[in-house]
Amino acid sequence: MSKFLSDFKDFALRGNVIDMAVGVIVGGAFGKIVTSLVNDILMPVISLVTGGEGYKNLKYVITEGKAAADGVAAVEEVAVNYGLFIQNIVDFFIIAFSIFVALRLAMKLKKKEEEAPAAPPAPTKEEVLLTEIRDLLARQEQNAPRK
């Protein structure tokens, strides 16, 4: 049993699993933002075009619901809610476009980072010492009396 727990710990603490977990959490939050964008900003504007109803309420009723004596539905309405389907399609395209833009920006930044020339490595102690010796010899040669 301890081998199982040890293997699970190794798996769970691996970098890819943690990155994936963070991605899922951020993705869920991103989905809420996009859903709010669609429901609270885009759909009210689109509902102006559709006559104020919006997409959510569009449906094709197959069988009307029948109310009982006290107002509670005795038989529920059977309908094809194609308005909700249209809204889910709009959500999908907005999410796909947003992810496309984010990935494109990330790739451009990564490409710029790769294109930037790397800084030259710092000289080693030997190179610094040899440079100093060269400079000293050059100065001695300049100061030496000429024959």
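Asp-7 is partly exposed, with a relative accessibility of 38%; here buried means under 20% relative accessible area, exposed over 50%, and partly exposed in between (1.4 Å probe, protein chains only). This is a predicted model, in which local features need pLDDT of at least 70, side-chain atom pairs count only at pLDDT 80 or more, and totals for chains, interfaces and linings use all residues. Residues are numbered from 1 along each chain as its sequence is written, and side-chain values use heavy atoms, with hydrogens and water left out.

**Salt bridges**

- Side chains of opposite charge can pair when their charged atoms come close.
- The count is 2 salt bridges, a salt bridge being a side-chain nitrogen of Lys or Arg within 4 Å of a carboxyl oxygen of Asp or Glu.
- Asp-7 forms a salt bridge with Lys-3, and their closest N and O atoms are 3.3 Å apart.
- Lys-3 and Asp-7 lie 4 residues apart in helix H1 (residues 2–12), so about one helical turn separates them; helices (H or I, at least four residues) and strands (E, at least two) are DSSP runs numbered from the N terminus.
- Lys-3 is exposed, at 57% relative accessible area.
- Arg-134 and Asp-135 also meet through their side chains in a salt bridge, at 3.2 Å from N to O.
- Arg-134 is exposed at 52% relative accessible area, whereas Asp-135 is partly exposed at 33%.

**Nonpolar surface patch**

- A nonpolar surface patch of about 940 Å² includes Tyr-60, Val-78, Phe-92 and Phe-93 among its residues.
- Patch residues have over 30% relative accessible area and no salt bridge; like charges are joined within 9 Å, and nonpolar side chains (Val, Leu, Ile, Met, Phe, Trp, Tyr) within 5 Å.
- Accessible areas come from the Shrake-Rupley method with a 1.4 Å probe, and for residues only the protein chains shown count as cover.
- Strand S1 (60–63), strand S4 (78–80) and helix H3 (82–115) each supply at least two residues of the patch.
- The most is given by H3, with 5 residues.
- Tyr-60 belongs to strand S1 and is exposed, with a relative accessible area of 54%.

**Aromatic pair**

- The structure holds 1 aromatic pair.
- The ring centres of Phe-92 and Phe-93 are 5.4 Å apart and their planes stand at 65 degrees, so the pair is edge-to-face.
- Rings of Phe, Tyr and Trp (its six-membered ring) pair if their centres lie within 6.5 Å; planes under 30 degrees apart count as stacked, over 60 as edge-to-face and the rest as tilted.
- Both Phe-92 and Phe-93 are exposed.
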